[in-house]
Amino acid sequence: MGKKGFIFDLDGVIVDTAKYHFLAWKKLANSIGVDFTETQNEQLKGVSRVRSLEKILDWGNKTLTEEEFSQLMAKKNEDYLSYINKMDASEILPNVSKVLDYLIEQQQPIALGSASKNAKPILEKVDLLSAFDAIVDGNDVSKAKPDPEVFLIGAKLLNVKPEDCIVFEDSVAGIQAANVANMISIGIGDHDILHEADYNFKNFTEMDNTFLKGIISGTIQKKQ
Ligand code: B16
Ligand code: MG
């Protein structure tokens with residue numbers, strides 16, 4: 001069996017931190033008189049912190065000085081971290097640990113490819129940091145998904161060619177980034193939303209080791 005590179009997104013794939021982003025963004029938006037709904041939160045998935053605040057200000061027709069903008073960004077992160085600090089391994093999404101254990105057992109390189117600047121503390125909190133051979137997060141990239149930069153850096157760190165990498169993603173931009181990088185894209189979540197992915201699973205409980213075995217051996221390949 002060959003060596004592949006398995007790259008995981010964080011929020012929405014390994015843990016559901018979207019609910020904490022929602023609480024923190026809602027508090028911030030409401031504090032400046034802007035409404036913020038769960039539907040709007042959906043549109044911030046996989047989007048960087050700066051871009052998220054820009055979108056919220058657009059929705060509320062607000063303009064801020066540069067100083068106010070950075071103060072609000074810091075406030076949002078402070079709130080978000082107060083939720084993160086309470087996380088533990090019980091928040092790992094179903095079957096994620098089983099999939100990681102299988103890949104480790106098969107000696108497959110594993111990386112994290114996330115837009116979050118808080119990726120490392122989150123992995124530490126849920127006790128998964130040691131499962132990863134490489135971590136690429138919001139501190140390492142200059143171009144956001146759908147730019148493939150985050151996954152290409154991941155491939156490089158794993159010492160695996162992009163075409164031998166597999167990306168697990170819950171956002172449309174992330175699937176597009178994986179496709180641009182010529183990696184096998186696996187959508188985790190709603191099939192209709194993530195229809196550009198090569199393969200789709202609602203969550204990891206739907207994916208069995210036979211599928212992973214097929215990927216590792218090369219019998220399961222990129223579709224497009
Ligand atoms: P932070 P992912 C993304 O994580 C989240 O989906 C997105 O909602 C968030 O704004 C972004 O990280 C930045 O997060 O404020 O912690 O730097 O899905 O790419 O793992
Ligand atoms: Mg995500």
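Is isoleucine 216 buried or exposed? Isoleucine 216 is buried, with a relative accessible area of 2%; buried means under 20% relative accessible area, exposed over 50% and partly exposed in between (1.4 Å probe, protein chains only).

## Basis of the model

This is a predicted model, in which local features need pLDDT of at least 70 and side-chain atom pairs count only at pLDDT 80 or more, while totals for chains, interfaces and linings use all residues. Residues are numbered from 1 along each chain as its sequence is written, chains are lettered from A and ligands numbered from 1 in the order in which they are written, and side-chain values use heavy atoms, with hydrogens and water left out.

## Overall fold

The protein chain contains nine helices and six strands. These elements are DSSP runs numbered from the N terminus: helices are H or I with at least four residues, strands are E with at least two. Along the principal axes, the C-alpha atoms occupy a box of roughly 55 × 35 × 30 Å.

Of the 224 residues, 49% are buried. Contacts (heavy atoms within 4.5 Å) between residues at least 6 apart in sequence join residues at least 24 apart in 60% of cases.

## Surface and charge

The chain exposes about 10900 Å², of which carbon and sulfur atoms supply 48%. Accessible areas come from the Shrake-Rupley method with a 1.4 Å probe; for residues, only the protein chains shown count as cover.

There are 25 positive and 34 negative side chains, and the centres of the two sets lie 1 Å apart. Lys and Arg count as positive and Asp and Glu as negative, without His and the chain ends. Each charge is placed at NZ of Lys, CZ of Arg, CG of Asp or CD of Glu.

## Magnesium site

The magnesium ion (ligand 2) has Asp9 (OD), Asp11 (O) and Asp170 (OD) as protein donors, lying 2.0 to 2.2 Å from it. Aspartate 9 is in the loop between strand 1 (5–8) and helix 1 (18–31), and aspartate 170, 161 residues apart from it, is in the loop between strand 4 (165–169) and helix 8 (172–180). Along the chain the donors follow the spacing D-x1-D-x158-D. Donors are N, O and S atoms within 2.8 Å of the metal (3.2 Å for Na, K and Ca); water is not among the atoms, so sites may look incomplete. Both aspartate 9 and aspartate 170 are buried.

## Helix 9

Leucine 212 lies in helix 9 (residues 209–217) and is buried at 0% relative accessibility. Leaving out residues up to four places away in sequence, leucine 212 touches Phe6, Val99, Tyr102, Leu103, Phe168 and Met207. The C-alpha atoms of leucine 212 and tyrosine 102 are separated by 8.6 Å, although the residues are 110 apart along the chain.

Isoleucine 216 is also in helix 9. Isoleucine 216 and lysine 3 are 213 residues apart in sequence and 6.9 Å apart in space, C-alpha to C-alpha.

## Backbone details in loops

A cis peptide bond with omega of about 20° joins lysine 145 and proline 146. Proline 146 is in the loop between strand 3 (134–136) and helix 7 (149–158).

Glutamine 107 is not a glycine but has a positive phi of about 55°. This glutamine sits in the loop between helix 5 (96–105) and strand 2 (110–113) and is exposed, with a relative accessible area of 57%. Asparagine 182 has a positive phi near 65°. The loop between helix 8 and strand 5 (184–188) holds asparagine 182, which is partly exposed at 42% relative accessibility.
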